[in-house]
Amino acid sequence: MLSLKEKDSPIVRKLLDAGCCARCVLRFCCVGKCSSYQLPSEDINKELLAFLSEADGEQSHGAAEQTQTEDPPCKKLKLDSAPVGQDGSSEASAAHTEPNVQSEICVACLGVLQDFCDLSYTKQVCEVVRKADYKFGSLVLAVSLPAQLSVREHSCWLHIKKEVKEKSMCLDKEDVVQVKDAFKWAIQGMVGKELGTPVLTNSLFEVSVGFTHPETEADCHFLATTCSDCFKPTKNKASVFTRMAVVKALDKISDAKFLRHYPCPPVRPASKCTPLDTTCLHTSVFIAGRYNKFSRELPQTPWVIDGERRMEGSVEELIADPLLSSFRADGFNFSSSGREDVDVRTLGNGRPFAMELLNPHRAKFNGAEVRQLQEVINASSDKIRVRDLQIVTRDAMGRMKEGEEEKTKSYSALIWTKKAITNSDLDFIANIKELKIDQKTPLRVLHRRPLAVRQRVIHSMSASYLDTHHFRLQLHTQAGTYIKEFVHGDFGRTKPNLCALMESEVDILELDVEDSVYVPLPTTLDDL
């Protein structure tokens, strides 16, 4: 049984006369019972007609008690079409006959709740999901509808608004069940049964269906004139008539102005909605770890200059390739806590990194499987090594960047000096503590970084004599310090620098990151 009350009968009749389908009638009667929308359209039609017949019978009984001389009104309800006037009134209304709600296309939902709430359409959607070959334990059903449905719903609401007011009833537009909700209530149970998985309101795996109706696209156009401030062109939208913009305009426009520009009830369409392709999308998976880089000919990310790739491979690609294959993801975004130059090795405990895997077709991996992935990455190349690999939350991507300037790093550098030196010439270096330096953006990165002067701190240094022109320099610095520029001065752009401190021309031959930036993520895994 439908959750309808006697007061709903004039609304039901008026909507059916206007050309609304059975499920849209339930929507405007604020029926919030999901099971009502899950009934076949034919069954809902029969129950609506039975409801009206019963209401007519009660009215006839009341009229008969008042007078015995008048003939009772006709109780026979037909499914044949009845003529509809320009103002939306129907000759059938007075005679208690109803339009053919089964064969006519609904003026409100444009067929969405008539022709796409059955098992046939459900099977089409589910077949697409199966072919996409995702691994999932639940799904959420997303629905995209033409923006003009909001205009047509507003017109239907105004059509019954007067009737409601005359009956001293209250019907807020916000109480009307949305087409999207009614569609989900009708179909998601069949989708869940067909795929053998629950359909939830919140799931990491999304199945999206949508509809378009070119015939009525112009329904929205008058709003751009009457409420121009609601429609702003955007780069990412093909049309200014987005659902949100249309809803905003409808909330703003007066009833009188709306009725001057748009028919009430809406004009019957000649065609129903066309379904768009069903698409599947899984929420990104985030995986983090630390990497060591042992090559001086491997960039962190693909090295492309003037459209030409300079070196084969990169750290991110060596890590990403096995992950993309295992998660069957469409792509990735790589992020790390800082970066090293192509000729710099990253040693010690490694540099923290995180990777967003886009639209993974498989997202669930247990601890043993993640450890196996780490082994696969490490076996693929001797240029890098990954540790502490783990699946993390989205927050990890942002938290790696928090407070970078407060973090510290340790380096080891091989230094050449033009002037011959002795062991004692290096003693002063160990006495330098908390040395503040000003670094103008280095010339080598000026093409990708804004020109600025950044103050950094060299917390401590020590030196190990090698020969008359070489020594090993150990540095403990604030993260973000340009070590090469601190050594050779970058034509005076870093002050003070090691050249000035040693009063000799010096240069850096090799640089290693010995202890990378400390961040709490990823968590150190003792068993790896």
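These legends walk through several close-up views of one predicted model.

Some ground rules come first. Residue numbers start from 1 along each chain as its sequence is written, and side-chain values rest on heavy atoms, with hydrogens and water left out. Since this is a predicted model, local features need pLDDT of at least 70 and side-chain atom pairs count only at pLDDT 80 or more, while totals for chains, interfaces and linings use all residues.

**View 1. Strand β17 and two of its partners.**
Helices (H or I, at least four residues) and strands (E, at least two) are DSSP runs, numbered from the N terminus. Two strands pair if DSSP finds at least two bridges between them. Strand β17 (residues 506-515) pairs with strand β10 (residues 344-358) in the parallel sense, over three bridges. Look for Thr346, which stands opposite Val513 of β17. Strand β12 (residues 408-417) runs antiparallel to β17, and eight bridges join the two. Here Ala413 has Leu511 of β17 as its bridge partner. In a regular strand the side chains alternate between the two faces of the sheet.

**View 2. Gly348 in strand β10.**
Gly348 sits in strand β10. How far apart are Gly348 and Asp512, in sequence and in space? They are 164 residues apart in sequence, and 9.5 Å apart in space, C-alpha to C-alpha. Gly348 has 46% relative accessibility and so counts as partly exposed; buried means under 20% relative accessible area, exposed over 50%, and partly exposed in between (1.4 Å probe, protein chains only).

A salt bridge is a side-chain nitrogen of Lys or Arg within 4 Å of a carboxyl oxygen of Asp or Glu, and a search of the whole structure turns up 24 of them. In this one, Arg328 meets Asp133, with the closest N and O atoms 3.4 Å apart. The pair links distant parts of the chain, 195 residues apart: Arg328 is in the loop between α13 (315-327) and β9 (331-336), and Asp133 is in the loop between α7 (119-132) and β1 (139-144). Arg328 is partly exposed at 29% relative accessibility, and Asp133 is partly exposed at 40%.

Lys7 and Asp8 form a salt bridge, their closest N and O atoms being 3.4 Å apart. Lys7 is partly exposed, at 45% relative accessible area, whereas Asp8 is buried, at 4%. Asp388 and Arg387 make another salt bridge, with 3.0 Å between the closest N and O atoms. Asp388 is buried, with a relative accessible area of 0%, and Arg387 is partly exposed at 27%. Elsewhere, salt bridges that share partners tie Asp341, Asp343, Arg444, Lys484 and Glu485 into one network.

Leu443, Leu446, Leu451 and Phe491 make a nonpolar surface patch of about 460 Å². Patches are made of residues with over 30% relative accessible area and no salt bridge; like charges are joined within 9 Å and nonpolar side chains (Val, Leu, Ile, Met, Phe, Trp, Tyr) within 5 Å. Accessible areas come from the Shrake-Rupley method with a 1.4 Å probe; for residues, only the protein chains shown count as cover. Phe491 is exposed at 79% relative accessible area and lies in the loop between α16 (483-488) and β16 (494-495). Asp490 is found in that loop too, but Asp490 is buried, at 6%. Asp490 has a positive phi of about 55 degrees although it is not a glycine.

**View 3. The largest pocket.**
What is the volume of the largest pocket? It is about 1,100 Å³. Among its 42 lining residues, the closest to the centre are Arg339, Glu340, Asp341, Arg448 and Arg449. Elements giving two or more residues to the lining include β9, β10, β12 and β17. On a 1 Å grid over the protein atoms alone, a pocket is an open set of points where a 1.4 Å probe fits, with protein on both sides within 12 Å along at least five of seven lines; lining residues have an atom within 4 Å of a point. Grid points are joined across faces, edges and corners, and a volume is the space filled by probe spheres set on the points.

**View 4. Two cis peptide bonds.**
The bond from Cys264 to Pro265 is cis, with omega near 5 degrees, and Pro265 lies in the loop between α12 (255-261) and β4 (274-275). The bond from Lys495 to Pro496 is also cis, with omega near -15 degrees; Pro496 is in the loop between β16 and α17 (498-502).
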